[in-house]
Each structure stands twice: as C-alpha cells, then as structure tokens.
Amino acid sequence: MATEELVTEQFQFLGIEVSKEVLTKCVSLCTEYNIDAESFIEQWMAFSLTVLNGASPTIENLELLAKREFSKRSASRPNALPNEVTHSSTGTSLTVYGAHATIPSENDVMSNYMSVTPKRVKIDKNEQGKSHNNELHPATYSPNVDNSGKYNSRSNQGAVVHSYGYESLLAAIATPTGVNDLLELNVSQVPNDDGDLYTKAMFGFELLHEKAGIFDNHIRYLSQCIMKKNGFTESSSVRHKTQTEVLVAGRIECDADARLNSKSVVLQGTWEDSLSQAVSVDLDGVKQYSLFPGQVVVMRGINPRGNKFIAQEIFYDASCPVPDPKADMMNVLKGTLSMVVAAGPYTTSNNMAYEPLKDFITYIGTHKPHIVIMTGPFMDSEHAKIKDHSMAETYKSFFDKLIDSIAEISTSSPFTKVYIVSSPKDAFSMNIYPAPPYSSRRKHTNIYFLPDPCTLNINGIIVGVTSTDILMHISQEEISYGVAGDKLARLAAHVRAQQSYSPLWPAPLGADAALWAAHAQLPAAPHLLLLPSNFRYFVKEVNGSVVINPEHLTKGEGGGTFARVLIAPDINPPSGVAAQIVRI
C-alpha cells in the first residue's frame, strides 16, 4: 500500500521535490487504481518524459496522467477474459508462456504510453497445468524453455573436489546443523573509515579536480602504510635529480595505448612530494616485481637526469594484520559457525530454468547452515535468453520471483540467514561500480541485501566478499618478473596488499571514483576473503586471510561448484577455518 513516506522516498531518489498537496494526490491515485509507490513513480516519469517534456508533478499533470492512462486501462479491464492479459503492443496477439492466467504479466513501463491499439496476450493452456517445478521460469514469448540435458545427466553431484583445514573440522563440515548447534549470531556490515555504509548510489557528478584529489589521497595513504611497514621515513619527488639512492612513492600507470609492459611503466607521484608529476621507470635492475595499473608502490633507486627513475627495488605490501576475533568479548562466537558460499550465474547458459538454483536451495534446506552468502549475477546480462529479448516480464519482477523462491529456505531451515550480494553484471543492476544493494518488493525476514563489495562482521569474524572477478581482471593487466610460487595466491595477495577489493585502475567496470574510494576499500583485514572467479576453484591462506574462490554454480550448460565453510570458536583463523569445494 502506498503512503506519503514511500512516495516521498521514490521522488527523492530521483532528485524531485514535491509539495504536500501533490503527495496527497499521488497516494490517492495509488489507492484508487491499486498501484504501489514504485510503479506509480515509474509510470509518472515515463508519462512526463513522453507527453509533458519532463514537466514536474503538479495536481493538473497528475489528473492528466490519471485521465489518459489509468482510467483508460481500468475501463478496459472488465472486458478481458479471465485467462487473458491485455498488452499494449504493436502487431498481432502474442502468446505468453510461463505466466499464470490469474496474474497479469508485468509489461514494460514505456509500452503503456504508446498510442496504439491494445492487443490481447493469450496464455498458452498447456502452460497453465505445469507443475510447481517450473515456477522459476520467466514469462516468455518463446515456448522453448527446455531443461539442460548436460546438467541433468551429470553424475558427480555432491562430490568434494577440494578440501582445506584440519581433519577434525573437515569430518564435521558435511554434517547438517541440528537444534543443538543453533547460534546467537550478530551479523553487521562493517562501515568505511568515515562510518558510512553503502546504501544508495549517487554517481555521475564527478569533477576533474575532485577526482584528482581522491586519487592523491589514496596514493598518499597507501604509500605511508608501505613506508611504515618497511621502516622508511622519508620519500622524494619522482622528478628529483639524484645519483644517490632515494625512495619515491606513487601509482603505477601505463604510458601506452596497450597492455602494460616493462618498457611502458610510469610512476605518478603525490601532490605533496611531486606536484602529481609522473616519471618513466626503468625496471632492468629490479630482481623481481609484480605490477599492474593503479597499484601504489614505493621504489628505491636513482634518477640521474630527472626524466627516468632507475628502480632497484619495489615495495608494494600495505596489508594490515588480521584483527583478533576475540577482541570484543561481548561479541564472540559461542559455537561452530557453518557457512555456504555460492556465486552466480544460477542457471545454465542454454535456458532460464534455474535448475542449479533449485538444487542449491534443496541443499541448504537439508544441511541448514547458519549463514548463506550468494553473489550475483542472478540474471546475467550476457545470457542468451536475456539478450534475445524473449522475456515477457521485466527483469526486476522475475528477480523478485527468484528472491521469493530463495526465501522459502525459511520453511525447512528457519534459522538460516541468506545474504545477497549485488553484481554489476545483472541485467537489472545499475552499470556502476561499486554496485549498490538490491531490493525486493516483498520483505523477507531471512533475506539481506548487500552491495558489491562489502565486509561483514560475524561475531568478530571479518568476512570480505565481492561478486566482481577481480582476480581475472588483475591477471589480464599484471606484469611480473622473477616471482616464483602460486600465481593465484599472488593475485589474491594484491587485494590484501593494496587494501582494496578492486586495486586495478582504470577499473574494468564503470567505476565512480568517489564511490570506489569510499566503498571499494578494505575497512579491516578479513579473516575470510571471498573472491569468486573464472579461475579454477581454490582455498588458500594469503597474508593471514583464508581466501576462497568457489568458482561459479554453473559452467556453460553444465553444473559448477560452491563452497561450504566451518569456523571453530576456540581456534583463531586461519587455523580455525575449514572449507570444501563441492559440485552442485
């Protein structure tokens, strides 16, 4: 039901201020025509842009909206047959598959304002008798919603493909949580250094000098952390002419319109030391390095002529030690914590049946973990069925159906908390990084929405999570020399070393500099770091953090993997963490 508070919130989100009389009129129209506040504001914006040239909402304009749109549709509604849905569209009648006859499909908002003759959308009679198993199918104009034969024919479901941790913990990790294992959990999102949480995205208003100041502050802070960790006290300008060894601090950049290489490395200094000037870097004398654009480093070397810094050693580790999980004795684990982590996509690439998601929900209902973390995408914008525009309902309405299905976990596992992490790759998501948290029209007590990235505090256990494949992004831009060891561990170490979920810049996604600086940094060193990636699944200890890549729940037309985690209360991480990668 629409209220003045809800209507005001929707207008404020769009930056529109309205009077008390207009709010009262909006609520009256919502009540009269049975429309919720969000849909009403969407329809008003479409009507205003197409008919009124973007005019502000007034009493007269709202009455015109009601006369031309709402009253016209309500007058035509009694003439519709019970199993038919009217649809304002050009061309012949369209058959909608997967929609219930008693529930009209949600049409595109803009189509309601096209001056064309409404056509009836017929509901296929065979679709009306489909079983409960197909309820996750979106309404579609195509009858071909086949199950994935490759997924259904798999023979390795439930197989453990990788394990990490003590055998005593691993022996109990597959045991379902019982009544005696229930915990009083205190889960909260860790704010940034300014005490702010990422709830809404305000972007698109970057000024060049503000952006420069944001990056300069970032370079200065991380370089000071690196110098303090290595016992350094003073740095020089990157352009300072000297034949004796000095320390310079700055950010790695590429001096070419191509991928970074050893001959195109540029170091941009801070405003305080170098007036933000940049200098070319000679890496021939460095024994080992691992560099990528956007990385903040401290270099030791000489600069004989002032135009090229000859580096001899590079420092880039600004990581902080992980905190003591028992530092706050009033907020500690009092029992073993079980957790399950999965990363989207949640349906195979050849259909929208969401069979892997159904199997995952079944697993959760059976094993009853305390915490479930699900990262997007839930509706991958690159999915073939999304790109062919065959869906007969909006992306957001079908996402609400997915959330309703996930919320049914509460019937079989009432104490399980599910955390949904947004993804810029979702078809309905804002094309911005960091991605704001999602929302659902129906409130579920066991569902919580989180931004990408985010940091959780679970009774003193710090958990960092992102849905962005930052490991792959860094790998595509990184150059290294003389570095031995595990590549995946090295890539994950960059996240810890740079205190950022996305240390790469320019960011591979549409990043907003102010939001990136405020909400894409690590507010605390995590005990558990969740980095889903296209790389092969792994669980590794990196700089005191247990890093988990569960891979994805689906891989093409087949099934993928997810992770289950057990955290012991009497052993501090990383020793007290056990994890397994399991096939769906």
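How do the residues of the lining of the largest cavity divide into nonpolar, polar and charged? Point 3 takes this up.

1. The model is predicted: local features need pLDDT of at least 70, side-chain atom pairs count only at pLDDT 80 or more, and totals for chains, interfaces and linings use all residues. Residues are numbered from 1 along each chain as its sequence is written, and side-chain values use heavy atoms, without hydrogens and water.

2. Four bridges link β14 (residues 417-421) to β15 in parallel, and Ile420 stands opposite Phe449 in β15.

3. Four cavities of 30 Å³ or more are found in the whole structure. A cavity is a set of points on a 1 Å grid over the protein atoms alone where a 1.4 Å probe fits but cannot get out, and lining residues have an atom within 4 Å of a point. Volume is the space filled by probe spheres set on the points, which are joined across faces, edges and corners. The largest cavity has about 120 Å³. Its lining comprises 10 nonpolar, five polar and one charged residues, where Ala, Val, Leu, Ile, Met, Phe, Trp, Tyr, Cys and Pro count as nonpolar, Asp, Glu, Lys and Arg as charged, and the others, Gly among them, as polar.

4. The second largest cavity holds about 80 Å³. Among the residues lining this cavity are Tyr363, His367 and Arg564.

Definitions and conventions. Two strands pair if DSSP finds at least two bridges between them. Helices (H or I, at least four residues) and strands (E, at least two) are DSSP runs, numbered from the N terminus. On a 1 Å grid over the protein atoms alone, a cavity is a set of points where a 1.4 Å probe fits but cannot get out, and a pocket is an open set with protein on both sides within 12 Å along at least five of seven lines; lining residues have an atom within 4 Å of a point.
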